[in-house]
Every structure is written in C-alpha cells, then in structure tokens.
Amino acid sequence: MNTNRVRTALTALVLAGSGVLVTGPSADAGPGTGPGTGPGTGPGAGPGTGPAATAAATPLQELVPQPVQIQPHPDITFTLTQTAKIQIATDTARKPAELLASILRPSTGYDLQITDSVTGDGVVLLNNADPKVGNEGYQLDVTPKQVIIRANAAAGHFNGIASLRQLLPPKAEAKTKQPGPWTVPGASILDYPRYQHRGAMLDVARHFFTPDQVKRYIDQIAAFKINYFHLHLSDDQGWRLEIKSWPELTKIGGSTEVGGRKGNLFYTQDQYKDLVAYAQNRGITVIPEFDMPGHTNAALASYAELNCDGKKRPLYTGTDVGFSSLCISKDVTYKFIEDVVKEVSAITPGPYFHIGGDEALSTPDADFVKFMNRVLPIVKKYGKVTTGWHEFIKTTTDTAPIPQFWGTETSDANVAAAAKRGNKVLMSPANRIYLDMKYNKNTKLGQDWAGLVEVKTAYGWNPGAYLSGVGEASIRGVEAPLWTETIKTSADIEYMAFPRLPVAAELGWSTAATHSWDKFAPRLGAQAPRWKVQGINYYASTQVPWKK
Ligand code: TNX
C-alpha cells in the first residue's frame with residue numbers, strides 16, 4: 001500500500017496610564033515563532049502612551065466580522081462605570097450576560113452584577129429584536145446611560161456581546177485590573193449573519209490538546225461569532241474520547257500521538273461534557289467527528305476484531321494518510337460504530353455527528369458505498385444529522401446530510417449533484433481556508449500540499465460562488481479546519497489560526513456586498529492590540545496594516 005499522500009495538490013488606543021497588560025507569545029511558543037514573525041510586545045502599545053490622544057478611527061470602523069448596518073451617533077458615548085449592572089429581560093440572556101461579566105470583571109474591577117430589572121446604568125439585554133435579524137442577529141444601541149442589545153434568542157445575544165467587546169478598549173480583555181475609562185462610541189447597529197454555520201475545527205487526534213488548551217481556542221473563536229466547533233476526535237494516530245463499551249480505544253488508541261509521546265492522551269466522557277458545556281456557554285455547538293472507514297489505525301490497534309485478518313495493528317505515530325480501513329464485511333464493525341454513535345450522541349446536545357469519510361484510499365469504492373449505507377442509518381437512529389468530508393455524499397440521495405467540501409478544485413460533480421437535490425454544503429476548500437497550510441515558504445509550521453495560503457488568499461474567494469453548481473442558496477456556511485500533524489502547543493494553534501480564523505469568520509458572517517480586501521485589511525489589522533492584550537501568538541503578515 002502506498003502510504004504517501006495522494007493529493008493534488010484604538011488608535012494608540014487610549015492606553016492611558018500605566019499597568020496596561022501587553023503580553024507577547026505565551027511561554028509554550030512553538031517552532032513557528034521565529035524571530036521577526038511573532039507579534040512581539042510592540043513598543044508604542046505599552047504603558048506610557050500619554051493621556052487619551054484622540055479617538056481617530058473609532059472602533060465602529062474596526063469590527064470583524066463587518067456588521068450589516070452601523071449608524072454612528074458621534075455626539076454620544078457610553079461609559080461603563082463602577083455601578084453598572086448587566087440587566088436581562090429574558091432568561092435566555094443569562095448565559096450571554098454571565099459571559100460578558102466574566103470577561104469585563106477582571107479588567108474593570110467592577111462587580112457588574114447581573115439583574116433581572118432593566119433600569120439604570122449598564123448593559124441591557126432585551127428580547128424582541130427586529131424579526132429580520134433572526135435568531136442569530138442582534139441590534140445594539142449605544143445611549144449615554146446604557147448599551148442595549150436586543151436579540152430573539154441566546155445566539156443573538158452572544159453575537160451582540162462579541163461586537164460590544166470590540167467596541168470597548170482592547171484592555172477590556174485583560175485578565176488583571178486596568179485603568180478606564182471604559183468608553184463605547186455612540187451607534188446603532190443592526191446585524192445578522194450571511195450563513196447559519198461559521199465553524200472552526202481542531203484536530204486533537206494527530207496531537208492531543210488538553211481540555212484547557214481546547215477551552216483557550218474556544219474562547220478565541222467565540223470572539224469572532226463562530227458558532228460551531230468541530231472536534232476531530234479519532235484518526236490513525238489516536239482515539240481521543242472514552243467509549244465505555246470499548247475501553248481499549250482510549251487505553252491503547254489514546255496512548256500516543258504523532259512523534260510518539262506517551263500518556264493518557266484522551267478525554268473522559270466527563271471532560272468532553274465539560275468542553276461541550278463550555279462551548280455552549282459561549283454560543284458554540286460542538287460537532288464530534290469519528291473518522292471512518294479510513295483514518296482508523298488507532299481503533300485497529302486497540303481491537304483485533306476490527307481488522308479483517310483478526311490481528312491488531314501497531315500504533316502509528318507518523319503522518320502518512322490513507323493506509324487504514326475498518327473491515328467492511330464484518331458485522332462487528334457496525335456493532336462498534338453503533339456503540340460509538342450511541343454513547344457519543346447521548347452526551348452531545350448538538351444535532352450533528354461527523355463521520356469523516358475522507359481519504360478512504362484503502363477501502364475499495366464498492367465497499368465504501370456498502371459501508372456508508374450501513375453507517376448513515378445508524379447516525380439517524382441516534383437522532384443525529386450526518387455531516388462528513390464531501391466524499392461520502394456520493395453514497396446517498398438523502399438531502400439531510402451535510403457534505404463538507406475540502407477539495408482544491410472549483411468543481412466536484414458529486415457535491416454539485418447533492419446541492420441540486422437539496423443538500424446544504426459546508427465550505428472548507430483546503431487551498432483557501434485550511435489553517436494548517438503554510439502562509440509562505442518560510443513558515444515553519446504547517447504543510448503545503450494544498451498550496452501556500454497567505455491572508456489575502458484566504459480572504460479572496462466567495463463561498464456562495466466558488467464551486468460550480470453550488471450557489472449561494474446551497475451553502476450552509478464556512479468552516480476553517482486546523483489539522484495538527486505539525487501543531488503541538490497553544491502558541492502553534494494561534495500562529496496558524498490568527499489571522500486566518502477571523503478571515504473565515506468574516507467570510508461566513510458578512511454579506512458578499514461588503515467583500516473588499518482594501519476595506520477588510522485595516523479592520524483585521526485593528527485587532528492586533530486586542531490580540532496582544534489576550535496574549536494571542538498571531539502571525540503578523542506583511543499584507544496586513546497592523547495597528548500598534
Ligand atoms: C487532509 S482534509 C486530511 C487530513 C490531513 C490534512 C492535512 C481531510 C478531510 N483529510 O487527514 O490532516 O489533509 O492538511
């Protein structure tokens with residue numbers, strides 16, 4: 001078997017006073033943070049910048065993703081003060097209110113009590129937004145005494161809060177108390193997403209990431225209105241979630257990773273539930289993926305009976321793909337899959353289950369079809385909607401499953417046929433939005449099989465007019481996957497995801513009419529002071545005019 005890859009390829013931001021926390025790359029900075037490429041702790045952004053200069057470009061012009069409508073009220077500002085309360089008119093706003101409070105309490109040092117009465121100073125979360133904003137949109141009105149966020153569901157409040165965070169000074173994101181003032185420019189914003197699905201994926205199979213590392217990434221994606229988090233939980237190198245009825249999966253399959261590190265490299269079901277809840281409390285739905293029938297060496301190493309020859313495979317710590325397959329002809333294969341789907345579905349509140357299905361290069365085509373014809377009904381039986389890498393969609397005419405397009409071409413007959421039947425397509429073209437692709441030939445981390453993906457390349461496509469035969473109405477949204485063959489630390493994750501993850505968020509949220517690199521680049525660049533405060537190890541692409 002050929003195991004080689006077979007692939008085509010705020011304005012000096014009123015950082016008044018001292019004690020502003022400006023952190024550089026975190027301590028576990030990986031190999032990608034070579035000199036001159038990391039963000040560093042820029043002078044000029046640090047303490048000592050004199051008293052409130054001017055608020056030249058207001059944060060209203062710097063929001064990412066770009067809102068639908070912004071009406072500035074230049075003669076008004078709101079200032080968050082010691083006595084401010086976060087006031088909620090509806091219980092669905094409680095979690096969003098708690099999130100906002102948890103971000104602003106450490107930096108402001110204020111109590112920011114959450115109350116059910118909506119009077120007095122503070123941030124007010126109301127229901128009954130304009131119906132045209134749907135469940136995910138919001139209206140944000142800044143008045144002298146209150147910031148009012150109206151939404152029709154919790155999702156809308158989470159998204160409104162993500163905008164409010166960007167309207168506050170960057171130091172509002174600090175983990176330690178900072179000097180104010182906590183001023184928000186006057187405006188009325190009305191906003192809602194272009195697509196219902198804005199996703200990020202993290203591969204925890206090639207390299208394992210601890211629950212705290214995963215939470216750190218969840219926090220980072222939530223800030224850009226990402227609403228789905230796809231966890232790639234199994235692959236040749238590792239099985240990362242406890243399955244109680246098949247305990248060897250983690251005992252053996254979860255014992256190592258790329259490079260051969262040893263340990264308990266998996267999540268217990270309780271840890272997974274905690275991650276799911278953590279995401280939910282930030283407006284994010286988790287989509288679990290168990291890749292099959294290929295990318296299954298870790299399972300094949302754990303249980304002899306899953307192999308056609310009844311022999312366990314050795315654990316694998318390299319980075320080749322396409323060499324493993326579950327045994328298509330054995331009933332135990334489907335018993336195994338049913339047990340996994342059953343256990344995982346029971347602890348996954350979100351409606352989706354991702355079955356992988358990519359690069360099944362060791363599974364003959366007829367077997368692949370046979371396999372999917374047995375697996376798709378199992379997912380349905382446990383109440384979930386199947387999503388998978390786009391290869392699986394040729395095996396079904398059901399219009400509910402969601403193919404995730406990851407190719408590098410702009411046409412795919414099977415995906416186009418599915419779209420014609422009514423399937424919605426999730427877009428992750430590898431040469432545009434794979435976060436593991438190198439930015440340029442000097443990028444130390446990542447791969448280049450799909451090409452080099454600089455920030456402008458990542459931004460320069462229209463999800464609704466990209467794949468032939470798959471028009472705007474067939475697009476479910478955009479997901480940015482991060483594969484981790486070369487990614488080992490949070491600093492590595494951040495270097496590859498920032499700034500391209502915000503690019504994916506913009507493509508998934510903002511209307512096609514706002515698409516313009518010249519307008520987007522400065523907005524993206526304006527995020528830098530906030531990322532410095534947050535300690536995000538971003539790639540300071542020379543294509544972007546970074547704000548100091
Ligand atoms: C392709 S994309 C894969 C992954 C690799 C990735 C590396 C896809 C569905 N499969 O197995 O990790 O390329 O870029």
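Select Leu202 and Leu482: Leu202 stands opposite Leu482, a residue of strand 17. Strands here are DSSP runs of E with at least two residues, and helices are runs of H or I with at least four residues, both numbered from the N terminus. Strand 17 covers residues 475-482 and pairs with strand 8 in the parallel sense over six bridges; two strands count as paired if DSSP finds at least two bridges between them. This is a predicted model, in which local features need pLDDT of at least 70 and side-chain atom pairs count only at pLDDT 80 or more, while totals for chains, interfaces and linings use all residues. Residues are numbered from 1 along each chain as its sequence is written, and side-chain values use heavy atoms, with hydrogens and water left out.

Next, select strand 8 (residues 197-203) and strand 9 (residues 228-232), which run parallel and are joined by five bridges. Within this pair, Ala200 has Phe229 as its bridge partner in strand 9.

Now display the side chains of strand 8. His197, Gly199, Met201 and Asp203 lie on one side and Arg198, Ala200 and Leu202 on the other, and all are buried, that is, under 20% relative accessible area with a 1.4 Å probe and protein chains only. Because seven of the seven residues of strand 8 are buried, this strand is largely enclosed by the rest of the structure.

Widen the view to the closed barrel, whose eight strands run 8-9-12-13-14-15-16-17 with parallel pairing. From one strand to the next, the twist averages 30°. Then select helix 7 (residues 331-346), which packs on the sheet and touches strand 12 (285-292) and strand 13 (352-356); contact means heavy atoms within 4.5 Å. The direction of helix 7 makes about 170° with that of strand 12, where axes are lines fitted to C-alpha atoms, for helices over the stretch in contact, and angles run from 0 to 180 degrees between N-to-C directions.

Finally, turn to the open sheet of seven strands, ordered 1-7-5-6-4-2-3 with mixed pairing. Its edge strands, strand 1 (69-80) and strand 3 (114-115), each pair on one side only. Select strand 5 (residues 138-142) and strand 6 (residues 146-150), which pair in the antiparallel sense over four bridges. Here Asp141 has Ile148 of strand 6 as its bridge partner.

Key:
Buried < 20%, exposed > 50% of the residue type's maximum accessible area, 1.4 Å probe, protein only.
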